[in-house]
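This briefing is intended for a reader who has the sequence and the coordinates at hand. It begins with helix packing and then turns to the fold, the sheet and selected residues.

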Amino acid sequence: MNTPLHSLRAGIIGTGFIGPVHIEALKRLGVPVTAVCGSAAGARSTAAQWGIPEVYGDYDFASLCRSPNVDVVHITSPNKAHVEQSLVALKAGKHVVCEKPLGMTSRETARVVQAVKK
């Protein structure tokens with residue numbers, strides 16, 4: 001069974017340039033953005049600007065991934081963090097959309113691919 005896109009709730013990790021691009025795209029598609037994670041100031045500012053109810057400062061992406069109000073995690077953080085954040089989100093049972101590159105090496109990327117298969 002396919003889940004309708006508009007019924008998913010998104011959490012965003014990363015509040016730099018690309019994070020708000022994802023937020024705007026999701027909102028245009030009718031996907032609610034329920035959580036954002038970044039630095040304390042960045043997360044608060046982004047949440048206030050876009051009306052996002054859950055704020056995870058100090059880069060507390062693990063807590064965002066545990067939120068029952070997030071179905072899909074968009075990873076828009078610096079490249080070096082993508083693998084760890086993807087693995088945590090997948091372990092929490094979330095769908096993952098990750099900005100490129102998925103990993104810094106093919107070995108790192110393979111770890112994420114294996115986690116998806118599980």
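Angles under 35 degrees count as roughly parallel, and angles over 145 degrees as roughly antiparallel. The model discussed here is predicted. In it, helix H4 (residues 82–91) packs against helix H5 (residues 106–117) at an angle of about 10 degrees, and H4 and H5 are therefore roughly parallel to each other.

**Packing of H4 and H5**

- The axes of H4 and H5 lie 10 Å apart.
- On the H4 side, the contact is made by Val83, Ser86, Leu87 and Leu90.
- On the H5 side, the contributing residues are Glu108, Arg111, Val112, Ala115 and Val116.
- Classified by side chain, the contact of H4 with H5 comprises 6 nonpolar, 1 polar and 2 charged residues.

**Overall fold**

- The protein chain contains 5 helices and 5 strands.
- Along the sequence, these elements follow the pattern β-α-β-α-β-α-β-α-β-α.
- A compact globule of 118 residues would have a radius of gyration near 13 Å, and the protein chain, with 13 Å, agrees with this.
- Taken along the principal axes, the C-alpha atoms fill a box of roughly 40 × 35 × 20 Å.
- Of the 118 residues of the protein chain, 38% count as buried.
- Among contacts between residues at least 6 apart in sequence, 48% join residues at least 24 apart.

**The sheet**

- An open sheet is formed by 5 strands in the order S3-S2-S1-S4-S5, with parallel pairing.
- Strand S3 (54–56) and strand S5 (95–98) are the edge strands, and each pairs on one side only.
- From one strand to the next, the twist averages 20 degrees.
- S1 and S4 pair in the parallel sense over 4 bridges; in S4, valine 73 is the bridge partner of glycine 11.
- Strand S4 (residues 72–75) also pairs with S5 in the parallel sense, over 4 bridges.
- Valine 73 has valine 96 as its bridge partner in S5, while histidine 74 stands opposite valine 97 in S5.
- Both faces of S4 are covered: Val72 and His74 are buried on one side, and Val73 and Ile75 are buried on the other.

**Helix H1 and leucine 29**

- Helix H1 (residues 18–29) lies across strand S1 (10–13), strand S2 (33–37), S4 and S5.
- The direction of H1 is at about 165 degrees to S1.
- Leucine 29 is found in H1, and at 52% relative accessibility this residue counts as exposed, the cut-off for exposed being over 50%.
- The C-alpha atoms of leucine 29 and leucine 5 are separated by 8.0 Å, although these two residues are 24 apart along the chain.

**Glutamine 85 in helix H4**

- Glutamine 85 belongs to helix H4.
- With a relative accessible area of 6%, glutamine 85 is buried, since buried means under 20%.
- Leaving aside residues up to four places away in sequence, glutamine 85 touches Ile13, Phe61, Ile75 and Ser77.

**Backbone geometry in the loops**

- Most residues other than glycine have a negative phi, and most peptide bonds are trans.
- Aspartate 58 has a positive phi of about 55 degrees although it is not a glycine.
- Aspartate 58 is situated in the loop between S3 and helix H3 (61–66), and its relative accessible area of 63% makes it exposed.
- Tyrosine 59, also not a glycine, has a positive phi of about 55 degrees.
- The loop between S3 and H3 holds tyrosine 59, which is exposed with a relative accessible area of 56%.
- The peptide bond from lysine 100 to proline 101 is cis, with omega near -5 degrees.
- Proline 101 lies in the loop between S5 and H5.

Terms used
Residues are numbered from 1 along each chain as its sequence is written. This is a predicted model: local features need pLDDT of at least 70, side-chain atom pairs count only at pLDDT 80 or more; totals for chains, interfaces and linings use all residues. Side-chain values use heavy atoms; hydrogens and water are left out. Axes are lines fitted to C-alpha atoms, for helices over the stretch in contact, and angles run from 0 to 180 degrees between N-to-C directions. Helices (H or I, at least four residues) and strands (E, at least two) are DSSP runs, numbered from the N terminus. Angles under 35 degrees count as roughly parallel, over 145 as roughly antiparallel, 65 to 115 as roughly perpendicular and the rest as oblique. Contact means heavy atoms within 4.5 Å. Ala, Val, Leu, Ile, Met, Phe, Trp, Tyr, Cys and Pro count as nonpolar, Asp, Glu, Lys and Arg as charged, and the others, Gly among them, as polar. Two strands pair if DSSP finds at least two bridges between them. Buried means under 20% relative accessible area, exposed over 50%, partly exposed in between (1.4 Å probe, protein chains only). The radius of gyration is taken over C-alpha atoms; the globule rule is 2.2 Å times the number of residues to the power 0.38.
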